[in-house]
Amino acid sequence: MPSDRSPFTLRAAIRRQAVLIAALVVLGVVVAVGATGRAPLAGTLLGIELVILAVLRLTLPTRVVGALAVRQRLVDAAVLLVLGLGTLALVGAPNL
């Protein structure tokens with residue numbers, strides 16, 4: 001008996017892209033925090049988000065991370081980690 005779950009529904013698309021959707025929601029919060037004049041906090045939150053995404057990309061299977069998987073697992077994780085740690089370093093630098 002075939003399943004009547006279509007992979008083309010909105011629910012299926014949201015399930016496939018859950019990690020990316022969550023990351024975009026957090027990014028929206030970070031932008032809102034930055035828009036209220038708390039740029040150092042927003043930068044710190046952004047750096048933390050990128051590091052968390054690097055860990056997720058490294059540990060979760062490709063089918064779970066959805067569109068977050070662009071290249072090979074290690075390349076994606078390394079790029080996210082460098083961006084996250086770089087952002088955190090710049091936030092901690094004085095007079096920038």
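How are helix 3 and helix 5 oriented to each other: roughly parallel or roughly antiparallel? Helix 3 and helix 5 are roughly antiparallel to each other, a term that applies to angles over 145 degrees, whereas angles under 35 degrees count as roughly parallel.

The views below show a predicted model, in which local features need pLDDT of at least 70 and side-chain atom pairs count only at pLDDT 80 or more, while totals for chains, interfaces and linings use all residues. Residues are numbered from 1 along each chain as its sequence is written, and side-chain values use heavy atoms, with hydrogens and water left out.

**View A. Packing of helix 3 against helix 5.** Helix 3 (residues 39–59) and helix 5 (residues 73–92) pack at an angle of about 160°, and their axes are 8 Å apart. The axes are lines fitted to C-alpha atoms over the stretch in contact, and the angles run from 0 to 180 degrees between N-to-C directions. Helices are DSSP runs (H or I, at least four residues), numbered from the N terminus. By class, the contact of helix 3 with helix 5 has 16 nonpolar, six polar and three charged residues; here Ala, Val, Leu, Ile, Met, Phe, Trp, Tyr, Cys and Pro count as nonpolar, Asp, Glu, Lys and Arg as charged, and the others, Gly among them, as polar.

**View B. The two sides of helix 3.** Ala42, Gly43, Gly47, Glu49, Leu50, Leu53, Ala54 and Arg57 are the buried residues of helix 3, buried being under 20% relative accessible area and exposed over 50%, with a 1.4 Å probe and protein chains only.

View C. Asp76, Ala77, Leu80, Gly84 and Thr87 are buried in helix 5. Seen down the axis, the buried residues of helix 5 fall within an arc of 105°, so they line one face of the helix. The exposed residues Leu74, Val82, Ala89, Leu90 and Gly92 are carried by the face of helix 5 turned away from its buried side.

**View D. Buried and exposed residues of helix 2.** In helix 2, Val19, Ala23, Val30 and Val33 are buried. They cover an arc of only 75° around the axis, which puts them on the same side of helix 2, whereas Leu24, Val25, Val31 and Ala35 are exposed on its other side.

Conventions
Angles under 35 degrees count as roughly parallel, over 145 as roughly antiparallel, 65 to 115 as roughly perpendicular and the rest as oblique. The arc is that of the directions from the helix axis to the C-beta atoms.
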